[in-house]
Amino acid sequence: MCGIVGYIGLKDAYPIVIKGLKRLEYRGYDSAGIALFDGNNLEVTKTKGKVADLERVALEKNSKKGSIGIGHTRWATHGVPNDVNSHPHYSNSENLVIIHNGIIENYEPLKKELVARGYEFKSDTDTEVLINLIEDVQINEKVSLEKSVQIALNQTIGAYAIAVFDKRQEDELIVARLGSPLAIGVGENEFFIASDASPFIEYTSDAIYLEDGEMAKISLNEGVVVSKIKDGVAVDPYIQKLKINLEQIEKGGFDHFMLKEIYEQPHAITDTYRGRLLANEGVIKMAGIDDNIDKFLNAKRIIIVACGTSWHAGLVAEYIFEEFSRIPVEVEYASEFRYRNPIINKDDILIAISQSGETADTMAAIKLAKQRGAFVFGVCNVVGSSISRESHAGAYTHAGPEIGVASTKAFTTQITVLALMALRIAKQKGSIANSQYHYLLHEMEQIPSKVEKVLEQNDTIEKVAEAYKDSDNCLYLGRGFNFPVALEGALKLKEISYIHAEGYPAAEMKHGPIALIDEQMPVVVIATKKGHYEKVVSNIQEIKSRKGKVIGVVTEGDITVKELADHVIEVPETLEPFTPLLTTIPLQLLSYHIAVKLGKNVDQPRNLAKSVTVE
């Protein structure tokens with residue numbers, strides 16, 4: 001949520017910051033702003049709306065000058081989306097300016113104290129309170145900007161990633177983070193800041209990822225000086241090489257990032273198992289598992305915590321782990337797990353799943369599990385992310401950047417990693433026959449080519465979308481391994497088309513949802529021949545007897561469902577545990593085409609953000 005971009009160097013900051021803000025639009029926002037310093041004047045330009053609106057306002061004001069700049073895309077928390085509440089925010093003196101992601105939870109008592117001291121506030125935001133607190137410390141303690149930021153942050157409660165500039169200390173930016181990501185790009189005589197590396201990847205491949213509770217002074221004279229917020233103790237920054245490139249974060253000829261990412265799934269799945277899956281040798285190599293195999297062999301229980309699409313991937317993993325590894329699995333919403341008093345034992349393993357590696361609720365669940373002695377294994381996509389650093393061990397999905405807000409390749413690559421984990425543990429435990437193990441490995445190796453075959457049906461799926469784009473509701477049904485796929489299919493439709501949809505276990509249809517079915521209700525039924533095929537066919541017959549419209553996702557060559565359903569989409573045959581990697585593809589495409597036909601903003605659906613880094 002929200003996006004931060006900044007530049008200090010010898011170039012014009014405006015085009016760099018604006019381009020960076022556009023790269024971060026996928027994170028979700030409702031207003032945008034920029035502050036520029038040209039050596040004399042510190043000018044803030046901001047507006048409700050999109051970055052394109054900000055460009056228009058900046059052009060009207062002729063506000064584009066300066067070699068130091070900070071920019072922000074805001075997701076409203078405190079204060080409605082409008083020009084005044086947009087970032088950046090000045091201090092009362094207008095000497096200081098700030099951009100901020102996160103929430104300052106104790107802003108109200110801080111604001112009362114500042115008002116009593118004569119401070120005035122133009123906005124309803126917690127951020128304006130923070131910048132005036134910094135200024136108040138600076139004035140009263142007579143300390144540098146860096147020190148005043150440190151002191152002020154030690155008085156705050158909440159989460160933040162901030163960048164602060166003082167026009168009287170024109171050669172430096174101060175940045176800090178706690179619970180919200182912040183990266184520093186290190187160039188030659190120039191530095192960049194951003195919520196992730198995408199805004200500066202074309203300028204440098206060197207980056208510093210601040211850890212939670214760290215701050216940095218960035219200047220052309222001294223470079224990047226990192227310290228602890230709590231006590232100011234210096235930290236030796238680790239500069240790492242970025243593994244993404246500019247081509248990965250561009251659309252590459254596709255109309256939308258979401259469509260590009262759907263089509264990237266064969267390659268993404270291959271990249272995820274590359275070097276890990278050696279099918280001909282009958283070997284799975286995963287350092288995070290291999291180095292901790294005893295913990296998994298002795299685990300009494302696995303707890304999977306995640307949110308949204310990652311939670312659905314966790315549900316698929318529950319079936320796979322219990323089927324092959326024979327370890328009990330519980331799948332928890334991270335947002336619920338952290339706010340109750342869960343029973344966590346020292347011989348439990350907590351698997352935390354997050355595309356971004358920054359999900360606030362999942363991070364909180366990790367910290368709770370660690371406090372109670374559980375072993376934490378992280379599954380995420382972003383190298384250097386908070387979850388990857390906070391976990392005891394883990395595995396990256398190697399999906400590449402996912403820009404579209406509605407996750408697609410994150411889901412399939414997460415399932416791939418989790419399946420590899422389950423099979424690796426099962427082999428070590430001896431809970432799976434050797435012949436079955438080898439068969440599964442060879443079949444997994446074929447999944448990318450089978451996904452490509454599903455993608456070849458794009459035109460057919462688009463025609464189905466045309467038939468149902470005006471529906472008000474939709475029901476998704478699946479059984480066994482494909483029940484989570486039904487949930488995920490419904491979520492995709494809701495996210496990007498705003499059509500109400502529900503996912504259900506097919507066997508539960510008679511326990512409520514059947515009351516909804518009439519000639520206006522399309523029902524997507526995942527009816528592959530693997531699993532409880534006959535029972536799902538029976539569900540389809542019940543739907544048709546009530547005049548419901550059926551869209552069947554079936555195995556190639558299916559005849560029975562084809563005769564019953566109004567539309568069918570075929571997927572290649574595979575082993576049942578791997579069917580979710582195929583059956584989810586047509587549901588992604590169906591949602592995409594319906595949303596496009598309805599004129600929706602597919603990559604940036606309303607009210608949604610890519611990474612939920614605040615509660």
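In what sense do S7 and strand S8 pair, and over how many bridges?

1. The model is a predicted one, in which local features need pLDDT of at least 70, side-chain atom pairs count only at pLDDT 80 or more, and totals for chains, interfaces and linings use all residues. Residues are numbered from 1 along each chain as its sequence is written, and side-chain values use heavy atoms, with hydrogens and water left out. S7 and strand S8 (residues 172-178) pair in the antiparallel sense, over 5 bridges. Strands here are DSSP runs of E with at least two residues, helices are runs of H or I with at least four, and both are numbered from the N terminus; two strands pair if DSSP finds at least two bridges between them. Two residue pairs can be inspected directly: isoleucine 162 has alanine 176 in S8 as its bridge partner, and phenylalanine 165 stands opposite leucine 173 in S8.

2. Surroundings of S7. Strand S6 (residues 96-104) is joined to S7 by 9 bridges, and the two run antiparallel. Isoleucine 99 has alanine 163 in S7 as its bridge partner. Strand S7 (residues 158-166) is largely enclosed by the rest of the structure, because 8 of its 9 residues are buried. Buried means under 20% relative accessible area, exposed means over 50%, and partly exposed lies in between (1.4 Å probe, protein chains only).

3. The sheet that contains S7. An open sheet of 7 strands has the order S5-S6-S7-S8-S12-S13-S14, with antiparallel pairing. Its edge strands are strand S5 (89-90) and strand S14 (234-235), each of which pairs on one side only.

4. Phenylalanine 37 has isoleucine 68 in S4 as its bridge partner.

5. Helix H2. In helix H2 (residues 51-61), the buried residues are Val51, Leu54, Val57 and Ala58. Viewed down the axis of H2, these residues fall within an arc of 115°, so they line one face of the helix. The arc is that of the directions from the helix axis to the C-beta atoms. Leu59 and Glu60 are exposed, on the face turned away from the buried side of H2.

6. Helix H16. Asn458, Ile461, Val464, Ala465 and Tyr468 are the buried residues of helix H16 (residues 458-468). They fall within an arc of 115° when seen down the axis of H16, so they line one face of the helix. Asp459 and Lys463 are exposed on the other side of H16. As background, an α-helix has 3.6 residues a turn, so residues three or four places apart point the same way.

7. Arginine 23 lies in helix H1 (residues 13-23) and counts as buried at 12% relative accessibility. Its side chain makes a polar contact of 2.7 Å with the side chain of glutamate 202. A polar contact is a pair of N or O atoms within 3.5 Å; within protein, one must be able to donate a hydrogen and the other to accept it, and residues adjacent in sequence count only if both atoms are side-chain atoms. Aspartate 361, in helix H12 (residues 360-371), is buried with a relative accessible area of 13%. The side chains of aspartate 361 and arginine 338 are joined by a polar contact of 2.7 Å.

8. Cavities. The structure holds 4 cavities of 30 Å³ or more. A cavity is a set of points, on a 1 Å grid over the protein atoms alone, where a 1.4 Å probe fits but cannot get out, and lining residues have an atom within 4 Å of a point. The second largest cavity has a volume of about 90 Å³, and its lining includes Arg479, Asn482, Lys530, His532 and Glu576. Strand S25 (522-527) and helix H18 (533-544) are the elements that give two or more residues to this lining.

Notes. On a 1 Å grid over the protein atoms alone, a cavity is a set of points where a 1.4 Å probe fits but cannot get out, and a pocket is an open set with protein on both sides within 12 Å along at least five of seven lines; lining residues have an atom within 4 Å of a point. Grid points are joined across faces, edges and corners, and a volume is the space filled by probe spheres set on the points.
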